[in-house]
Amino acid sequence: MQSIDVDKLLRDLGDGWGMPSSHHIDPDVFKYEMAAIFNRSWLFFAPVHHLCKKGDTKTGWAGDVPVLVTRDQTGKLHGFVNMCRHRGYAVATKDKNCRNLVCQYHAWTYNLDGSLRNAPNTDDDAGFDKSELSLLPISVDEFGPGIFVNADPGAKPLRESHPRLQSYAESMEFRTDPGFYLDNYELVRTVHYDFESNWKLWYDNNTECYHCPTIHAGSFASAFSTNQDSMRFSEVDQFMTFSFDPMGEEHVKGELKAKWQRALQIFPAIGITMQDDILLVYQALPTGPETTKKTMYCLVRKEGDKELASRWIDLWHQTFSEDQLATQIQQTGIRSGRLPRPRYVRSQEGPVLFVNRLILNAYRGAGTPAPAGYTT
């Protein structure tokens, strides 16, 4: 198996060459990327609306780690591996509001702060110490409209991990206070996309608009100018900002005339799009070497036009569905083994180059063993 020479791949990227196509199909590379990137990064978990009340609980994933987030009776957030300390059964199998967590396998009961409250038939078990058997912690944080998780229990808080995120978000007039979204927005739709393509193909597609005039002629490109001069893009640390000019009146599709649009993308694979009265937040997660799951939450201002907002969400959904099909067609070509690596167009695909640099730098800084046969 060929080793990963990160320095060479970074030099090749500077010349416009992407990663070897084998990185989009190899199970060992998938496992390595989960360990090196998704199991040690801050990920968008859920909108604050899902965990706004005392007693709320929600299950999900942090990379390939099953996790559970709770808001205890004092209002504090907690994050755990969703695994009973007895024999590994899931502590929670659905989202609910409750006062404690009961494992359905043997009825071990935990408080919402993760401490073990009761384990049946253990009073006479010498050496059984409930204080040693709390749920295993992960890191959890709040930012803007969302709850974020990191499978690493010792991770720095989100804002420390992205020290310039707060100031850049504020410069985009993006409110970072979760309470603002609870007071002013309602969650109206959740959309799940199951991509039959590698997550890096999704990421490349999601960050460039070189394809917008062709793939999205009847969707995104009908509402926003996709001319290169109309796109404003900045790359900062491990996130990007985007904005596109709305299409002029003579090109507007029906009555869908946007006033403004801005987007924030945070590595890895987090997107926040703000436009008029709607807010879209999504996270993509690899689920296999050639599969990716994206979950998008759609929020609308409470005083906004709900019918118009719904039509905008339909247009964005159409856009992302077109991306889904495009990357699945790409994956078929990649799988053939006939394309050694992609050749990017640097004048059009700067955001793609930025994301690929972040991925390669994550390889280098992972501090985890590479897959068998791989070196970094």
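**Exercise 1. State in which strand S243 is found, decide whether its side chain is buried or exposed, and list its contacts away from the local sequence.**

Solution. In this predicted model, S243 is found in strand β13, which covers residues 239-244. The next step is accessibility: S243 has a relative accessible area of 13%, and because buried means under 20%, S243 counts as buried. Finally, once neighbours within four places in sequence are left aside, S243 is in contact with S230, M231, R232, Q261 and R262.

**Exercise 2. Describe helix α2: its span against the expected value, its cap, and what covers its buried residues.**

Solution. Start with the span: helix α2 runs over residues 27-38, has 12 residues, and reaches 15 Å from its first C-alpha to its last, which is close to the 16 Å expected at 1.5 Å a residue. The buried residues of the helix are V29, F30, Y32, E33, M34, A36, I37 and F38. Their cover includes the strands β1 (43-47), β2 (56-62) and β16 (278-288), together with the helices α6 (199-207) and α10 (350-365).

**Exercise 3. Classify the aromatic pair of W108 and F128, and then that of W316 and F320, and place each pair in the chain.**

Solution. A search of the whole structure finds 27 aromatic pairs, and two of them are worked through here. For W108 and F128, the ring centres are 5.6 Å apart and the planes stand at 80 degrees, so the pair is edge-to-face. W108 lies in the loop between β6 (100-102) and β7 (109-111), whereas F128 lies in the loop between β8 (116-118) and β9 (139-143), so the pair ties together parts that are 20 residues apart in sequence. W108 counts as buried at 7% relative accessibility, while F128, with a relative accessible area of 25%, is partly exposed.

For W316 and F320, the rings lie 5.8 Å centre to centre with 35 degrees between the planes, and this pair is tilted. W316 and F320 are four residues apart in helix α9 (residues 306-335) and are therefore separated by about one helical turn. Both W316 and F320 are buried.

**Exercise 4. Identify the charged residues that lie over the rings of Y282 and W17, giving the distance in each case.**

Solution. Over the face of Y282 lies K294, at 4.3 Å from the ring centre. Over the face of W17 lies R343, at 5.6 Å from the ring centre.

Technical notes
Residues numbered from 1 in each chain as written. Predicted model: local features only at pLDDT ≥ 70, side-chain atom pairs only at ≥ 80, totals over all residues. Heavy atoms only, no water. Helix = DSSP H or I, 4+ residues; strand = E, 2+ residues; numbered from the N terminus. Expected span 1.5 Å × (residues − 1). Buried < 20%, exposed > 50% of the residue type's maximum accessible area, 1.4 Å probe, protein only. Contact = heavy atoms within 4.5 Å. Polar contact = N/O pair within 3.5 Å; in protein donor to acceptor, adjacent residues only side chain to side chain. Phe/Tyr/Trp six-rings, centres within 6.5 Å; stacked < 30°, edge-to-face > 60°. Lys NZ or Arg CZ within 6 Å of the ring centre and 35° of its normal.
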